[in-house]
Amino acid sequence: MEPVDLTAALGPVLGDRLLGVEAFPRSAGRIRFERSGALDLFRAVRDSLGFRHLSMVGGIDWTDHREVFYVVWSDDRREYLFLSTDVPADDPHVESASGIWPSANWHEREAWELVGIEFDHHPDLRHLLTPDGYEFRPLLRSFKLHEPEELEVKTRHV
Amino acid sequence: MSAPASSAPATRPVVPPGATLESPAPLPMVDQPAVPFIEIETLRSKEFIPAAKEALGSLIVEQGQTKVVRPVFNWAGRNSLFPLHWGLACCAIEFAAAFGARWDAERFGVVPRSSPRQCDVMIVNGTVTWKVAHKLITLYEQMPEPKWVIAMGNCATGGGPFRTAYSVVPGVDKLVPVDVYIAGCPPRPEAMLDGILELEKLIRERKE
C-alpha cells in the first residue's frame, strides 16, 4: 500500500499544533503534536487515515517533562502509527482518548496510576493495578524503594 | 449391711426440697472432690439411676472429650484437609502438580475445594499484592472454623524477591495467621506435601 503522507493529511486539521512527523521503524511514522490538539488528531487519525484500533497508551517520565504516547493500528494498511505528546511534569494533563478509542480506558488508568498522567474527561479513572487509595506513582523516577513496613502503613486501607 | 437397723435412718442423706442430690450444699472447711462422692449404699433404688448417671456422666464428658472425642476429631480432621483451590503465582503450578498422578496428594486426604466454605486450610501459593490482600482476607473469613493457613513459597512467607516492591505484601502473615511456612521458590510438590504433614502434626496435638 502507498505510504501515507501524514503531513499533508494532518496539517490542515492541526495547524501549528502538529509539531513534527518523523519516520519510525516498522511503522507508518511518529507524530509529535501539541496536547491541545489531541482530540482533533485522534479523530483525524481514526476517521481519515483509518487507524481504528488503539493498541496501547503509555507514559514516560523524562524527569524534566513527561511524554504520553499512543500506538494505533490500521487493519487496512497493516501497520502501526505512533502518536506522542509532551506534558510538563508539574501539569501532566492530557485529554482522554476513551471517547475516540474505547480501548484507551484501561491503558489510561494504568498510565495514570503508575506514571501520574492526568487524563481529563476520562469516564472511569480508578486504580487498575494498585489498590484503591494508593498514594504513590511508582514508575516515576523520583519514586524510591520503600521499606516494607513503610509501605504497609501507607496502604493500610485493606 | 451389718449396721444396726436403728442407725440406718441417721446415715441416709436428707435432701431438702429444691436442693439436688448430687451437689449438696458445701460444708465450710471441707474440700470438695472433683467428682461428687455419693454413698451409693444409702440410696433408694429410684435415686440410684440419676445419681449414677450424673456421676458417670461428668466423668464421661470430662475424660471422653479429651481422650476420645478430641482425638477422633483430630484424626478425622487431619486426614481430610481440604485446601482452597486458588492460585496466585508460580507456586500454584507446583500446587497443581501435587494433585497429579505423580505425587497424588489425595492419598493424604487433601482435596482442593472451590468454595472457601468447604475448606479447612488455605494454601497461599504465590505473591500476595496489596490489590488482592482484602480479597484474601475475605476468603479466609469465609472459611469455617477450625481453619489453618499454609504460606507456600518465599513470596507468601516474606515477600520473596519482591519484598521491597511497591505493590507486594511482605509476607502473608501481615494479613492472616499462618501455621506452616514452606520454603522454596517455588517449593517442589514434595515440599508442599511435607508442609501438609507438618500441619497434620499440629492438628494431632490440638486440644480444643
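Modeller: In chain B, the axes of helix α2 (residues 45-78) and helix α6 (residues 189-204) come within 9 Å and cross at roughly 165°. Axes here are lines fitted to C-alpha atoms, for helices over the stretch in contact, and angles run from 0 to 180 degrees between N-to-C directions. The model is predicted: local features need pLDDT of at least 70 and side-chain atom pairs count only at pLDDT 80 or more, while totals for chains, interfaces and linings use all residues. Residues are numbered from 1 along each chain as its sequence is written, and chains are lettered from A and ligands numbered from 1 in the order in which they are written.

Biologist: What makes α2(B) roughly antiparallel to α6(B)?

Modeller: The crossing angle is roughly 165°. Angles under 35 degrees count as roughly parallel, over 145 as roughly antiparallel, 65 to 115 as roughly perpendicular and the rest as oblique. The angle therefore makes α2(B) roughly antiparallel to α6(B). The crossing is also right-handed, a term for the near helix being turned clockwise from the far one by less than a right angle, with anticlockwise giving left-handed.

Biologist: Which residues of α2(B) and α6(B) meet, and of what class are they?

Modeller: B:Asn74, B:Gly77 and B:Arg78 in α2(B) meet B:Glu200, B:Ile203 and B:Arg204 in α6(B). Residues are in contact if their C-beta atoms, placed from the backbone, lie within 7 Å. By class, this contact has one nonpolar, two polar and three charged residues. Ala, Val, Leu, Ile, Met, Phe, Trp, Tyr, Cys and Pro count as nonpolar, Asp, Glu, Lys and Arg as charged, and the others, Gly among them, as polar.

Biologist: Why is the packing of α1(A) against α2(A) called oblique?

Modeller: Helix α1 (residues 6-14) and helix α2 (residues 38-48) of chain A pack at an angle of about 140°, with their axes 10 Å apart. That angle makes α1(A) oblique to α2(A). The crossing of α1(A) and α2(A) is right-handed. In this pair, A:Ala9, A:Leu10, A:Val13 and A:Leu14 of α1(A) meet A:Asp40, A:Leu41, A:Ala44 and A:Ser48 of α2(A). The residues of the contact divide into six nonpolar, one polar and one charged.

Biologist: How do you know whether A:Phe51 is buried or exposed?

Modeller: A residue is buried if 20 or more other C-beta atoms lie within 10 Å of its own, exposed if 12 or fewer, and partly exposed in between, with C-beta atoms placed from the backbone. A:Phe51 has 27 C-beta neighbours inside 10 Å and therefore counts as buried. Its place is in the loop between α2 and β3 (53-61) of chain A. Leaving aside neighbours within four places in sequence, A:Phe51 is in contact with residues including A:Val45, A:Val72, A:Trp73 and A:Leu81.

Biologist: Why is A:Thr63 called exposed, and what is its phi?

Modeller: A:Thr63 counts as exposed because it has 9 C-beta neighbours inside 10 Å. Its phi is near 70°, a positive value in a residue other than glycine. Most residues other than glycine have a negative phi, and most peptide bonds are trans. A:Thr63 is in the loop between β3 and β4 (65-74) of chain A.

Biologist: What makes A:His121 exposed?

Modeller: A:His121 has 10 other C-beta atoms within 10 Å, and is therefore exposed. Phi of A:His121 is near 60°, again positive in a residue other than glycine. The residue is in the loop between β7 (118-120) and α4 (148-154) of chain A.

Biologist: How many helices and strands does each chain have?

Modeller: Chain A has four helices and seven strands, and chain B has six helices and three strands. Helices (H or I, at least four residues) and strands (E, at least two) are DSSP runs, numbered from the N terminus. Buried residues make up 29% of the 158 residues in chain A and 26% of the 208 residues of chain B.

Note on methods: Two residues are in contact if their C-beta atoms, placed from the backbone, lie within 7 Å.
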